[in-house]
Amino acid sequence: MDSNETTPKDPRCTQVTVMKVANIAVNMLVFIVTLALCNILHMLLRPYSQPRLISEAIVGFFLSNLPFIRNNFDDEANTTLGYVAEFGMICHMFVVGLETDPNIFVRLPVREAKVACTGLLITFLIAVFVTPMLQLTNEPSIKFDVSISIILSGTASPLLTRLIADHKIGKSDIGRFLIATGLLSDLISTLLITLGYIIFDPLDGFATRKVENILLMVAVLVVQTIFAAKFVPFLMAWVDSHNPQGKLMKGSHLIVSLASIVLVCSLAPWITRFNMMLSSFLAGVVMPREGRIPKMLIGKVKYFFGILFFPAFMFWVGFQVEFSEFEGRRLITWASIFFLFLIIVAGKVFGSVISGVLLGFHWQDSVAIGLLLSIKGHFHIFMVLLAEERNIISRSNTVVMVLVCFLTFIHAPMVMKSIIERARKQSPTQQMALQWLSPSNELRIVLCVHGPESIQSAINFMEISQGLPESRMTVYVNDMIELTENIASTLAQGEGVDAMTITDPGIIEMRENITNTIQGYVNEQCEGIEVRRMLTLCPLTSMHHDICTLAEDLLVSLIILPFHKNQQPNGKVETNHLGFRSVNRKVLRHAPCSVGVLVDRGLGSTQLSRATKCINAAIIFIAGKDDREALAYAGRVARHPSVKLTVIRFLLDTNGNNVSSRITRARANTAEFEAEMKQDDEYFADFYDRHVATGHVAYMEKYLSNSGQTYSTIKSLEGQYSLFIVGRGGRVNSTLTAGMNDWEACPELGPIGDILSASDFSATASVLIIQQHKLRGKLQGLHEEFSIM
């Protein structure tokens with residue numbers, strides 16, 4: 001045969017190749033359609049607060065049971081999808097273990113542990129007695145009944161946490177309690193399953209393993225745990241030291257880190273044929289959560305699972321569960337569904353109610369906790385399919401148990417809605433202002449600073465704001481940094497989808513100096529003040545929005561903004577922060593709480609403490625809600641031993657015969673004016689009884705007839721006080737400030753604050769201008785940090 005001649009291809013080979021390519025294309029198309037339909041259905045079900053798992057299950061079950069797809073989905077594709085599902089569950093269990101704090105064994109939360117263990121025990125006891133009568137297995141097996149009882153006793157903590165986050169109750173007391181209790185329940189049940197796997201071999205009909213095999217498996221798991229707890233952290237620390245935050249990680253270091261994690265997780269399965277999912281979970285529990293690699297794994301795996309894996313997993317589940325095998329005509333089938341669901345829910349609810357009585361919980365909270373702890377998730381569904389694959393249970397019972405798993409979280413949105421409704425009834429409005437804050441309650445403040453020049457004034461402000469030493473106060477010190485092109489060029493992608501890390505050395509050093517200085521003061525001087533650091537890094541045009549959102553999320557009562565003009569020690573005024581003037585104005589307009597603008601002219605020149613000599617402070621009270629808010633703040637300052645406070649009340653001289661007095665007397669008959677005056681008199685009388693009559697505060701009255709006399713009286717106070725506290729405005733037809741708005745240099749400070757902060761006033765008197773929170777009626781929603789238990 002001529003060497004140039006080629007052997008003709010077999011048409012059958014070409015046909016097989018084309019068919020394989022066509023099948024691959026069809027499978028890819030089905031996968032894309034599955035993802036698209038999951039997103040569409042989830043959007044349609046979002047108004048009903050249904051979890052994403054519902055839409056994934058509906059789409060997966062529907063598409064996987066279509067005859068066209070089943071006929072074109074060959075065994076090879078099904079096997080591949082099964083490998084993907086198993087690998088995904090291994091990664092899922094590793095991340096679940098990685099998110100579990102190993103210190104939970106040392107510092108066990110008592111309340112959460114009692115509820116978790118009581119629910120587990122009661123559910124297990126009920127399941128052990130009931131499941132043998134349901135004939136779930138092909139052959140009766142007490143070992144399988146014990147195993148399935150442990151699985152029924154567990155909680156899908158990742159799904160529960162996801163549902164709590166979707167309903168935004170994770171910061172509430174019941175949300176935090178549920179997350180911790182669900183995690184404990186999941187951890188205990190998984191450890192019991194692991195112990196059962198060590199003793200019994202599910203691949204051999206749950207036969208008891210030989211003693212030498214058990215000892216070998218335990219020894220290898222101990223070695224694996226030591227490697228995961230000691231070797232991996234050492235490697236991670238070395239990787240972090242060579243890959244600082246803000247810089248891309250070296251590819252070789254990333255490969256070595258991932259390879260070491262895979263090696264540790266595979267040690268027990270490789271040597272003793274231990275289950276890979278359980279091995280990964282145990283390794284993840286003892287591995288450190290700190291460092292770039294663990295944080296990256298948690299973020300990336302969760303993101304990948306939410307977008308791609310879970311829809312594909314539910315499609316695979318639908319393909320494995322053949323609904324045509326469901327024996328719906330048999331009464332025992334429906335009895336199995338009913339009693340399995342009843343076992344799970346009744347066991348958890350009874351356990352929560354019993355432990356709730358011992359812990360003093362309200363019965364509604366106990367029932368809600370039990371219903372939410374009964375949730376089952378992907379791990380439990382996967383275990384059911386493994387049992388069917390190993391011919392332990394029939395296909396009909398596989399459908400039964402998968403359906404029961406889905407029934408356990410359908411009621412979750414309704415339970416969470418009932419929790420939110422009860423909390424909303426207990427707290428119908430949120431009046432975020434000092435006037436309505438009880439002195440015994442914790443005061444929360446967002447204290448904004450421009451830079452190092454604001455440190456000392458911020459410290460002194462915290463010092464005088466605490467009042468009595470036993471008063472509790474949380475101060476969120478927030479750096480206001482404009483996002484310029486130079487700073488933006490130094491930002492680096494952090495751990496997470498939207499996270500960014502600042503690498504600019506100047507900003508890092510500045511923030512560290514502020515943190516160290518303030519924290520040093522708090523550690524040495526204060527006991528009742530808790531300081532937390534915040535950062536607002538964005539363009540000036542949107543900075544007000546971030547500050548207002550921060551205040552709303554933190555549930556604060558007061559935002560303190562630094563004045564846009566900065567006075568130097570030599571008395572010269574600089575306008576380095578002129579761009580922040582618009583930020584202050586927008587915050588005053590949109591803030592969800594009260595706002596104070598601090599004009600620092602000497603407040604930060606000395607270090608105040610409870611042992612230093614007194615500073616003279618004055619509050620000017622005229623009328624209106626802002627002045628009442630300033631008086632409420634002054635009530636806290638008055639209790640500080642180093643502050644000598646004087647209340648100066650400006651009253652209208654109604655005995656005068658001038659035109660403005662006659663107009664005021666005529667307008668005093670209006671309902672709004674009368675209501676405002678009544679509130680002023682009542683609140684001031686209460687302040688007088690609590691502070692002036694007890695000798696803590698000095699008091700003087702000034703009878704004035706017009707705004708001209710107001711101006712001259714304020715000017716006469718120059719040099720007498722080092723701190724003035726005034727309201728921004730909010731006065732109903734006040735004659736004493738009428739006309740002052742016409743010549744204000746800084747309208748955002750109000751007429752009185754503008755006079756006191758002017759350059760021709762005292763260069764040593766700081767001014768705090770306060771605006772009360774503008775109530776907007778009842779809140780439509782509920783703040784995330786609500787308390788209901």
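Visitor: What counts as buried, exposed or partly exposed here, and which of these is Y688?

Guide: Buried means under 20% relative accessible area, exposed means over 50%, and partly exposed covers what lies in between. In this predicted model, Y688 has a relative accessibility of 34%. That value falls between the two cut-offs, so Y688 counts as partly exposed.

Visitor: Which residue forms an aromatic pair with Y688, and where does that residue lie?

Guide: The pair is edge-to-face, with 5.5 Å from centre to centre and 85° between the planes, and the partner of Y688 is Y699. Y688 belongs to helix α25 (residues 671-692), so the pair ties together parts that are 11 residues apart in sequence, with Y699 lying in strand β14 (residues 697-704).

Visitor: How many aromatic pairs does the structure hold?

Guide: Rings of Phe, Tyr and Trp pair if their centres lie within 6.5 Å. Counted in this way, the aromatic pairs in the structure number 18.

Visitor: Why is the pair of F61 and F406 edge-to-face, and how far apart in sequence are the parts that this pair ties together?

Guide: Planes over 60 degrees apart count as edge-to-face, and the rings of F61 and F406, whose centres are 5.4 Å apart, have their planes at 90°, so the pair is edge-to-face. Because F61 lies in helix α2 (residues 52-64) and F406 in helix α16 (residues 395-410), the distance in sequence between the parts tied together is 345 residues.

Visitor: Is F406 buried or exposed?

Guide: The cut-off for buried is under 20% relative accessible area. F406 has a relative accessibility of 8%, and therefore F406 counts as buried.

How values were computed
Residues numbered from 1 in each chain as written. Predicted model: local features only at pLDDT ≥ 70, side-chain atom pairs only at ≥ 80, totals over all residues. Heavy atoms only, no water. Phe/Tyr/Trp six-rings, centres within 6.5 Å; stacked < 30°, edge-to-face > 60°. Helix = DSSP H or I, 4+ residues; strand = E, 2+ residues; numbered from the N terminus. Buried < 20%, exposed > 50% of the residue type's maximum accessible area, 1.4 Å probe, protein only.
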